[in-house]
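Visitor: Please pick one part of this structure and take me through it closely. After that, show me some other parts for comparison.

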Amino acid sequence: MEESGSITGKVFLNGDAYGGSFKGILPHGKGKYTWSDGSVYDGCWEEGKMTGEGRLIWPSGASYEGDFSGGYLHGFGIFNGSDGSIYRGVWRMNTQHGIGRKQYQNSDVYDGCWKEGVREGSGRYAWSNGNMYIGNWKDGKMCGRGVMKWFDGDLFDGFWLNGLRHGSGCYRFADGSYYFGVWTKGLKDGLGMFYPAGSKHRFLGKSSDRHDEKRKKQLSHTSSTISESVKPKVKRSISERFSYSLLKGSGSISLRTTSQGEDVALGDSSKDMLACDSSSVLSQSSHDDKSDFLETGSVAYEREYTQGVLIKERIINISRLSRKSKQRIKFHAKEVKRRSCVYFLEGRKSYYLMLNLQLGIRYSVGKITPVPIREVRQSDFGDQARIKMYFPRKGSQFTPSHHSIDFYWKDYCPMVFRYLRELFKLDAAEYMMSICGDDGLRELSSPGKSGSLFYLSRDDRFVIKTLKKSELKVLLKMLPDYYRHVKEHDNTLITKVFGLHRISLKRGKKVRFVVMGNMFCTELRIHRRYDLKGSSHGRFTKKDRIDETTTLKDLDLKYEFHMDKLLREALFKQLSLDCRFLESQNIIDYSLLLGLHFRAPENLISLLQPPDSLDNVETNPEHEGGISQGELSIPPRGLILVTHEPSSVSTTPGPHIRGSTLRAMSVGDKEVDLLVPGTGRLRVQLGVNMPAQANQKLMQDETASVQVELFEVYDVVLYLGIIDILQEYNMKKKLEHTYKSLQFDPMSVSVIEPKLYSKRFINFLEKVFPVEP
């Protein structure tokens with residue numbers, strides 16, 4: 001046996017060889033180990049394992065010099081790949097993990113955070129052609145907030161998902177023009193505003209053509225001959241085909257490096273190859289009619305896209321946004337702030353409110369879950385059915401310490417809401433994680449008309465709303481009947497309620513919350529939202545207050561929705577049952593919350609798909625897609641109903657898990673699923689994933705409008721439910737009805753007695769969803 005610290009050499013039976021210090025029979029200290037395959041390590045050892053500083057060389061020519069621990073690349077080190085790539089940074093267990101810089105074989109460079117061998121966290125990626133991205137990464141792809149700047153000066157600042165622009169953002173063009181909007185999977189999807197750059201050209205489209213030619217020339221220089229570089233794929237955007245032929249591009253990175261088997265991929269960078277996104281108007285006649293509006297710097301263009309297809313454009317005269325209208329908007333913001341029931345919670349205290357809510361829900365659910373399941377009793381609805389607890393900041397025997405302010409917590413009817421959650425197959429742990437996780441809640445930007453605040457869970461499954469004291473009393477009063485109604489009717493469209501809570505702060509401030517299912521919990525983007533009551537007085541939205549998140553009203557709706565006969569019958573059968581229940585509770589002022597997901601005409605989407613069609617596409621608008629001014633109404637064919645297959649659709653617990661699969665006449669009175677191109681297979685339920693055809697109605701006041709709607713018919717996916725069910729027809733409302741009836745048509749105002757309200761509500765919806773002729 002060799003003594004500790006002795007220096008000698010040894011050749012092993014498998015052909016490996018070691019020369020250096022030993023401790024017993026194990027390499028220990030300085031030494032050089034040569035494997036039979038030609039790999040060589042020269043450095044420090046500790047009891048037979050590479051530990052400390054050293055250098056490892058592979059037969060492929062790859063090498064690593066830096067820290068080792070327990071036989072692994074662990075610590076700081078420099079890796080030179082056989083393909084010419086170089087990584088300098090932190091390692092953990094043979095993978096890049098921590099802060100590091102990697103230069104790829106094509107001279108692309110990434111500086112930032114790594115996790116288990118892939119880019120994750122904050123980082124900067126610089127392409128060899130001059131493009132650069134700074135922002136967040138996940139699983140090796142751009143994900144989260146980030147800024148992408150292209151070599152020609154264009155820049156996008158916004159949100160990304162899987163390497164594609166996804167969410168809100170701002171696209172700044174090199175010429176100084178801007179587009180503020182929303183993207184889905186790399187395509188414009190929803191409302192946006194385009195602000196042209198200052199120019200000497202009377203019509204923005206003239207400069208667009210020249211910029212297109214410049215962009216085409218630039219594209220030929222962006223592709224690298226190296227496999228790890230960005231490879232732009234130029235797509236022809238049909239959304240620009242109606243106006244001066246702009247370009248849409250995309251690119252991808254595929255990174256394959258060392259003999260360690262790293263396989264890191266960066267998804268499609270999805271650069272908009274829009275030179276100036278300046279489809280200022282949609283036809284030459286629009287130019288002629290509105291030329292007096294198109295003075296440089298005085299106009300902007302409100303646009304709406306669906307899966308990258310431009311479906312609507314409205315010219316806005318910026319110079320006419322008067323001081324009065326600006327003051328009106330400012331006053332509206334102050335008014336909402338003054339009305340808010342949590343106005344006293346300013347700044348960081350708003351964060352405390354959300355933290356208190358999370359602490360309380362975690363406590364209540366954790367306390368009630370171990371209780372053996374049993375039938376709900378009448379006493380579970382009573383005044384004594386409460387969970388109360390004091391949460392001091394320092395913690396107590398029953399509560400943890402926290403970083404919020406001291407508060408009192410009250411949970412109403414916990415057994416009732418526990419059973420309601422179980423009806424919807426909501427696991428207690430998942431429910432808590434959805435609401436109480438580290439990034440569990442986010443506050444919605446626009447409070448309701450009543451001053452209520454809204455919070456959304458991190459996975460979009462739950463909406464939390466603040467309540468007035470009067471609304472809390474109404475909900476508690478109707479809760480026994482609500483419970484029975486929801487239990488008896490799987491397909492009810494009435495808001496699903498999962499919890500009712502109250503937070504009491506110092507000086508007597510009390511904030512009440514209700515936890516509800518999010519009716520718009522879907523991977524599809526909701527392009528339009530409507531709050532429909534059936535009344536007409538004041539039921540419209542001012543144009544200057546409409547944006548992507550605005551919920552529109554009855555008079556704003558300009559579509560009729562035609563759906564399968566059996567789907568429509570199921571809808572109105574349940575609407576009648578729900579309205580009868582609300583009428584029995586003396587409830588008025590409820591509304592149908594309707595969400596629309598528009599599908600672009602499939603024959604136009606198909607034109608977006610070929611990535612290499614740039615050189616073969618004419619730039620003359622008159623020949624693009626074979627579409628002329630008289631052919632804008634194109635029957636859509638993008639949604640397909642198929643026979644339901646339970647194993648092929650998602651069964652993730654949530655607001656939509658309960659409820660039967662609907663039957664459709666078009667597939668022979670069978671349960672159906674909806675095939676959505678680019679998304680997948682969705683189960684069709686009442687109020688969820690319901691396909692329809694939206695037919696546009698031309699409003700009389702829009703015949704001379706500067707707004708242009710490209711299509712008259714759309715495929716849509718509908719999401720709907722009955723909300724705002726906490727207003728009783730009490731003495732105050734009776735007086736309000738009497739007063740308003742003296743000024744307006746009694747049937748036009750929202751406040752009428754429950755029976756008439758229910759009848760008017762159904763009659764209005766029958767016009768919105770007419771019977772097929």
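Guide: A helix here is a DSSP run of H or I with at least four residues, a strand is a run of E with at least two, and the numbering starts from the N terminus. The model is a predicted one. The part to look at is asparagine 356, which is found in helix α4, residues 348-368. Its relative accessibility is 1%, so asparagine 356 counts as buried, the cut-off for buried being under 20%.

What lies against this residue? Leaving aside neighbours within four places in sequence, asparagine 356 is in contact with Ser404, Ile405, Phe407, Trp409, Ile503 and Leu505.

Strand β26 covers residues 407-412, and five of its six residues are buried, which leaves the strand mostly covered. Strand β25, residues 386-391, runs antiparallel to β26 and is joined to it by six bridges. In this pairing, arginine 386 stands opposite tyrosine 412 of β26. Strand β30, residues 497-504, is also antiparallel to β26, with four bridges between the two. Here tyrosine 408 has serine 504 in β30 as its bridge partner.

A search of the whole structure finds 26 salt bridges. One of these pairs is arginine 525 with aspartate 189, whose side chains meet at 3.9 Å, N to O. Arginine 525 sits in the loop between β31 (510-517) and β32, and aspartate 189 in the loop between β17 (187-188) and β18 (190-195), so this pair ties together parts that are 336 residues apart in sequence. Arginine 525 and aspartate 189 are both buried.

Arginine 303 and glutamate 313 form another salt bridge, with their closest N and O atoms 2.7 Å apart. Since arginine 303 lies in strand β23 (residues 299-306) and glutamate 313 in strand β24, this pair ties together parts that are ten residues apart in sequence. Both arginine 303 and glutamate 313 are buried.

In a further salt bridge, between aspartate 459 and arginine 461, the closest N and O atoms are 3.0 Å apart. Aspartate 459 counts as partly exposed because its relative accessibility is 26%, while arginine 461, at 10%, counts as buried. Salt bridges can also form a network, as they do among Arg101, Asp111 and Arg124.

Next comes a surface feature. Tyr178, Phe180, Tyr195 and Ile318 form a nonpolar patch there, with about 330 Å² of accessible area together. Isoleucine 318 is placed in the loop between β24 (309-317) and α3 (323-339). Its relative accessibility is 33%, and therefore isoleucine 318 counts as partly exposed.

The last stop is another helix. Helix α11, residues 754-768, has 15 residues and should span 21 Å at 1.5 Å a residue; its end C-alpha atoms are 21 Å apart, which agrees. Its buried residues are Pro754, Tyr757, Ser758, Arg760, Phe761, Ile762, Phe764, Leu765 and Val768. An α-helix has 3.6 residues a turn, so residues three or four places apart point the same way. The cover over the buried residues of α11 includes strands β32 (528-532), β34 (559-562), β35 (587-588) and β36 (591-599), along with helix α8 (565-584).

Technical notes: Residues numbered from 1 in each chain as written. Predicted model: local features only at pLDDT ≥ 70, side-chain atom pairs only at ≥ 80, totals over all residues. Heavy atoms only, no water. Expected span 1.5 Å × (residues − 1). Buried < 20%, exposed > 50% of the residue type's maximum accessible area, 1.4 Å probe, protein only. Contact = heavy atoms within 4.5 Å. Patch = residues over 30% accessible without salt bridge, like charges linked within 9 Å, V, L, I, M, F, W, Y side chains within 5 Å. Areas by Shrake-Rupley, 256 points an atom, 1.4 Å probe, with all protein chains shown as cover. Salt bridge = Lys/Arg side-chain N within 4 Å of Asp/Glu carboxyl O. Pairing = 2+ DSSP bridges.
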